Amino acid sequence: MTSGYPFSAVVGHDDLRLALLLNAVHPAIGGVLVRGEKGTAKSTVVRGLAALLPAVVVVEGCRFSCDPAAPDPACPDAPHDGAATTTPARLVELPVGATEDRLVGSLDLERALTAGVRAYQPGLLSAAHRGVLYVDEVNLLHDHLVDLLLDAAAMGRAHVERDGVSVSHAASFLLVGTMNPEEGELRPQLLDRFGLTVEVAAARDVAVRTEVIRRRLAFEADPSGFAARWAAEDAALVRRITTARAALPSVRLPDAEVRRIAALCASFDVDGMRADLVVARASVAHAAWRGAGEVAAQDVEAAARLALPHRRRRDPFDEPGIDEEQLQQALRDADPDPPPDDDPGGGPGSGGDPADSTADPSGTPNSGNGNTTQPAATPDPAFQARLFSVDGVGEGAPGRRSRARSGFGRTLRATRGRGHGLHLVGTLAAAAPHQLARGRSGPGIVLWRGDVRRAVREGKESNLVLFAVDASGSMAARKRMSAVTGAVVSLLLDAYQRRDKVGLVTFRGGSADLVLPPTSSVEAAVARLRRLSTGGRTPLADGLLRAHRTLATERLRDPRRRPLLVVVTDGRATVPLRADPVADAMQAAGLLAGDGVASVVVDCERGPVRLGIPARLAHALNGAHVRLDELSADHVTGVVRAARSVA
């Protein structure tokens, strides 16, 4: 058997290793979310942890790994008659494509159909009990599965109510999730459910990188020999984890440190009380880990560094993180016995006018025909955008925008054709009238291939929302770009909440640019938009053609994900491809309409003289036409169906 990479052999990643070890000591902390770019050994470190966990004593034959000293009275395998046996702690991996049945379990169809017995088939939550549940790319897991996962981790139990089965079983595990933020963020509500979060990045120090290369090559050349060289260090960690676990109940948390924790969390303005409880548990675990009998300020500080960064997000597009100076100041403010102030006069001022960095640039507005560039405008405040959805029924990835046939959602009917999963009632109903003719005797049911019915379910899908934003000089006039940028940020926020992929095309000057290729990271789109400069002429036709090429490429990569094109422009095209700029734009729009691309044109035209080109463009695209000031959900009671008229 090939040995795994030893935990002790990992170079660097001190915060990650500490967070994992604290959870190994005290699983009630709530797990670890590991955020980092690709190739930073996230998975390697997590898999190495499983080998450090102490072996567990279980009831032999129990599918739920019950402890013979304190078996779960509600265990589906109870009563337990098996002998006690010792097994290694398990590392269970939850793949991104897992279904709800695989996670929580479901009806045991084999026993139901052959023996007529309603029995429960356990899922991955039961397999992970008293071990590690590892979710790679947790940000790509469907939201409702993440909710189920985090509920079980928080309660230590899994509750299953489905397919006529009602089961509750113990599910206490060390939850570890890894993610690459470039592929999309977790919602703040889900981030908060993870106890600790760690940011990892590749070292920039040449000596550290050299050592990583040496150790990895040595491991690949002789995995068993490499593991043997680090066995003593790993064994020492196992003993330390066991000792800390045993000491955990006796570690005292003084009232002064409880007040410090409460004051610290209040100073960071975190929502709810989960942060306070996580910091308290992690502080106790840290004290036990270092062999102390009482929590001290250093334990609280170490816990806060791991428990607070991801809970400071006030907006979905805020970057998780913690400011070191703010943390130190909060710790000083929370100190019940602060040291005397050596500098009562205070420090120097900020040294600049804060308005300098945020003021809207002034100057002569661009006429739209020149090539003058203006800095990025400060976006207006975001608002709740109205819903745009793609008409018809798709089959894309689960989301919250457009109707779709999927494995999730409500069951519409049973079918003999294409469907998602077995429709049990429909299958049994098809077979029931034929049991005498098929010679059935005794329990069970005789099924033939033609009896099988599949479930037709309808839910919601996510879409590819491609923004084509006019950044020309005519848009910058009258400070419109602040309102436009605020509106697009609002639409991006809507895309974030609906789990869409997004892309960003901008056009200005003489050409269009794909500023952000389609990605699941809506945050990246917001960051690019906020840095967007304006000015120059309006190559509207080129912007539409660039959008057409981008969507054609994405259709080859992901044919099931339906696109939604959002064109934000005042329509004042000034750059021709052949002769007439507006005619060229209408011809490019016809290409998009011919491909069946659902489109929305956000009309930014203002002033007493309006040419009406955005409305004509929407007609050419066979899409919806919406004025900029009509984007808010407050201005509409229905839903706008893209590629159709406004509802």
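This is a predicted model: local features need pLDDT of at least 70, side-chain atom pairs count only at pLDDT 80 or more; totals for chains, interfaces and linings use all residues.
View 1. The rings of Y5 and F219 are edge-to-face, because their centres are 5.1 Å apart and their planes stand at 70 degrees. This pair links distant parts of the chain, with Y5 in the segment before helix 1 (14-25) and F219 in helix 8 (residues 206-221), 214 residues apart; helices (H or I, at least four residues) and strands (E, at least two) are DSSP runs, numbered from the N terminus. The rings of F226 and W230, with centres 6.4 Å apart and planes at 45 degrees, form a tilted pair. Ring pairs join Y5, F219, F226 and W230 into a cluster. Y5 is buried at 12% relative accessible area and F226 at 3%, where buried means under 20%, exposed over 50% and partly exposed in between (1.4 Å probe, protein chains only).

Residues are numbered from 1 along each chain as its sequence is written, and side-chain values use heavy atoms, with hydrogens and water left out. Local features need pLDDT of at least 70 and side-chain atom pairs count only at pLDDT 80 or more, whereas totals for chains, interfaces and linings use all residues.

**View 2. The largest nonpolar core, shown around L264 and L308.** A nonpolar core is a set of buried Ala, Val, Leu, Ile, Met, Phe, Trp, Tyr and Cys residues joined through side-chain atoms within 4.5 Å; of the 61 residues in the largest one, L264 and L308 touch the most other members. Helix 12 (residues 274-289) gives the largest share of this core, ten residues. Beyond its neighbours within four places in sequence, L308 is in contact (heavy atoms within 4.5 Å) with residues including L264, C265, F268 and I322. C265 is buried, with a relative accessible area of 2%.

**View 3. R561 and its polar contacts.** R561 lies in the loop between helix 20 (540-557) and strand 20 (563-569), and is buried at 17% relative accessible area. Its side chain makes a polar contact with the side chain of S462 at 2.8 Å, and another of 3.2 Å joins the side chains of R561 and D558. Here a polar contact is a pair of N or O atoms within 3.5 Å; within protein, one must be able to donate a hydrogen and the other to accept it, and residues adjacent in sequence count only if both atoms are side-chain atoms.

Key: Rings of Phe, Tyr and Trp (its six-membered ring) pair if their centres lie within 6.5 Å; planes under 30 degrees apart count as stacked, over 60 as edge-to-face and the rest as tilted.
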